[in-house]
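Dear colleague,

Please find the structure below, together with its sequence.

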Amino acid sequence: MDTKENILISAKNTILSESESIAKLIDYIDVNFAEATQIIFNSKGRLIITGIGKSAIIAQKMVATFNSTGTPSIFLHATEAIHGDLGMVQPDDIVLCISKSGNSPEIKALVPLIKNFGNQLITMTGNTTSFLAKESKYVLNTTVDAEACPNNLAPTNSTTAQLVMGDALAICLMQLRNFTSEDFAKYHPGGALGKKLLLRVKDMLENSLKPMVTPDAPIKKVIFEISEKRLGVTAVVEDEKVIGIITDGDIRRMLNDNDTFTHLSAKDIMTKKPKMIQSTTMVVDALNILEDFSITQLIVVDEGEYKGVLHLHDILKEGII
């Protein structure tokens, strides 16, 4: 490992080893997996996920994934469980126990207690002959041939396999629940992700910034309106209907083509039939329209009524991109 070349070889071998371990999981997706998924789906309680060591860390990630995709879940550390935290397990809860070896002392102490409570136990283990596997009717097999660690000690392939099996379980439950992007948005209201899923055009419009001129407005007034509203554009409105749009680019082209503009009015330089959207449109969909037509502004109209202008810069400020 004394050269850059050896470092790169080691990194690539690690990725290859883990990818091969994941690929082999396909052979372990069997009736046990299907029945375990159905049990969780039909449960009136929560999914309690427990483990120890690195498996406990994987369990916490699984809990986060399940909670955000419609399956109420709680993390229970196997050690803390036998020292009082077992009280969080309710009668209708399903318990998913994760352990590579399936034989750790904490797991051996915890499993009989769970079974005495009468809770359904699902196992995820890399040792299908272990104590844990034998005590559970439903076993999710995450066996790996070896760890990516050169000493075959540090959990690498095994924890990745656990993570992927958990993701497979979560996705199946999402599909059983018909969990949509709208449902997903309810659990992710904050940050860029929440904005992508929830923010609509109407949430970004400022009524005070609603540039408009009449078709007969002189160019000087058009320039003033564009400058004052600072959106780089103005709508051309006649009889309360948008009939065109003038951008600062249109102004520059007009100045380039004419020595004087005193004889021109808004209707002479406007672009007819501008791209328009409704205020209820999702901002992410509006962004796609801007990108598709290589434009920076969209006129917002509801049932023929001019509502304002959505500018690309406003979307960028929201951090959606």
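Just after helix α7, Asn178 takes a positive phi of about 50°. Helices here are DSSP runs of H or I with at least four residues, strands are runs of E with at least two, and both are numbered from the N terminus.

Please note that this is a predicted model, in which local features need pLDDT of at least 70 and side-chain atom pairs count only at pLDDT 80 or more, while totals for chains, interfaces and linings use all residues. Residues are numbered from 1 along each chain as its sequence is written, and side-chain values use heavy atoms, with hydrogens and water left out.

Helix α7 itself covers residues 157-176; its 20 residues reach 29 Å from first C-alpha to last, close to the expected 28 Å (1.5 Å times one less than the number of residues). Its buried residues include Met165, Leu169, Leu173 and Met174 (buried means under 20% relative accessible area, exposed over 50%, partly exposed in between, with a 1.4 Å probe and protein chains only). The buried residues of α7 pack against α1 (4-24), α2 (31-42), α3, β3 (94-99), β4 (120-125) and β5 (138-141), contact meaning heavy atoms within 4.5 Å.

One of these partners, α3, spans residues 54-68, and its 15 residues reach 22 Å, close to the 21 Å expected. Among the buried residues of α3 are Ile58, Met62, Val63 and Phe66.

Elsewhere, α10 (residues 219-229) and α11 (residues 248-257) pack at an angle of about 145°, with their axes 10 Å apart. Axes are lines fitted to C-alpha atoms, for helices over the stretch in contact, and angles run from 0 to 180 degrees between N-to-C directions. In this pairing, Ile219, Val222, Ile223 and Ile226 of α10 meet Asp248, Ile251 and Met254 of α11.

There is also an open sheet of 4 strands, in the order β6-β7-β8-β9, with mixed pairing; two strands pair if DSSP finds at least two bridges between them. The edge strands, β6 (212-213) and β9 (271-272), each pair on one side only. Strand β8 (residues 241-247) runs antiparallel to β9 and is joined to it by 2 bridges, and Gly244 stands opposite Lys272 in β9. Helix α11 packs on this sheet, touching β8 and β9, and its direction makes about 60° with that of β8.

Yours sincerely
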